[in-house]
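Here is a short report on one protein chain. Please look over the sequence and the model before reading on.

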Amino acid sequence: MKKILVVLGGGRPNGNTAQLTNAFIQRAVSAGHQVELLSLNQVEVNGCLGCNACRYGKPCVQKDGFNAIAPKITEADLIVFASPLYFWTISSKIKAFIERFYCIAQEDENPPLGRYEHYPIHDCALLMTSADRYFWTFEQAVSYYKFTIINYIGFQDKGMLLAGGCGNTNGSPRISETNHLEAAYRFGREIYQCREKTF
Ligand SMILES: Cc1cc2nc3c(=O)[nH]c(=O)nc-3n(C[C@H](O)[C@H](O)[C@H](O)COP(=O)(O)O)c2cc1C
């Protein structure tokens with residue numbers, strides 16, 4: 001059994017991303033995992049201010065929802081980042097959430113090349129939806145995920161589900177007309193059955 005924290009970074013309440021996320025969660029729970037959903041539509045998490053108070057042993061100066069979430073990040077085995085594609089990348093809500101990892105970083109006296117501090121190491125996964133489905137649709141979002149979450153922060157990738165072709169937000173969510181929900185059920189069920197996959 002793994003502890004899974006799913007961070008939903010915006011999107012419509014019953015939109016494509018929420019449906020994709022719920023499908024993943026449903027099967028992850030059936031597979032015996034303990035899953036918590038954190039919706040950044042309901043909890044306000046602002047981006048980092050760069051004041052650096054946290055670098056001098058002080059708590060983050062911002063009194064928003066992140067402080068209550070920080071222990072959950074530390075405890076989780078897996079953090080799932082779920083986001084609609086906005087202007088070819090992750091939503092600003094997910095970006096703001098990731099910026100706040102700055103205040104949970106710990107001093108690393110001997111960091112590897114290109115890294116300045118130590119982060120709690122977890123597994124990670126990415127769930128995304130978009131209107132378009134070109135071969136390059138998710139390129140920028142995936143690049144950010146790989147560069148920042150995996151290469152820099154040091155998380156271990158458990159897979160990505162990139163659900164293109166879900167229709168734009170000028171109408172009802174259309175993910176149920178695709179096979180992405182099936183893929184999300186499979187992803188949730190199988191995430192700890194084998195390493196790295198792309199659905
Ligand atoms: C502000 C905004 C920007 C968007 N940018 C893109 C984009 O760059 N590429 C794309 O394919 N779809 C884009 N979309 C469409 C959404 O990614 C797509 O409809 C998504 O499934 C909506 O998720 P939701 O139903 O969970 O709200 C955008 C939608 C909005 C509202």
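## About the model

This is a predicted model, in which local features need pLDDT of at least 70 and side-chain atom pairs count only at pLDDT 80 or more, while totals for chains, interfaces and linings use all residues. Residues are numbered from 1 along each chain as its sequence is written.

## The sheet

Five strands form an open sheet in the order β2-β1-β3-β6-β7, with parallel pairing. Strands are DSSP runs of E, at least two residues long, and helices are runs of H or I, at least four, numbered from the N terminus; two strands pair if DSSP finds at least two bridges between them. At the edges are β2 (34-39) and β7, each pairing on one side only.

Strand β3 (residues 78-84) is joined to β6 by seven bridges, and Pro 84 stands opposite Thr 129 in β6.

Strands β6 (residues 123-129) and β7 (residues 156-163) pair in the parallel sense over six bridges. From β6 the chain crosses through helix α4 (residues 139-152) to β7, a right-handed β-α-β crossover (with the strands pointing away from the viewer, the path from the first strand over the helix to the second runs clockwise).

## Helix α5

In α5 (residues 180-190), His 180, Ala 184, Phe 187 and Gly 188 are buried (20 or more other C-beta atoms lie within 10 Å of a residue's own, with C-beta atoms placed from the backbone). Seen down the axis of α5, the buried residues fall within an arc of 95 degrees, so they line one face of the helix; the arc is that of the directions from the helix axis to the C-beta atoms.

Notes:
A residue is buried if 20 or more other C-beta atoms lie within 10 Å of its own, exposed if 12 or fewer, and partly exposed in between; C-beta atoms are placed from the backbone.
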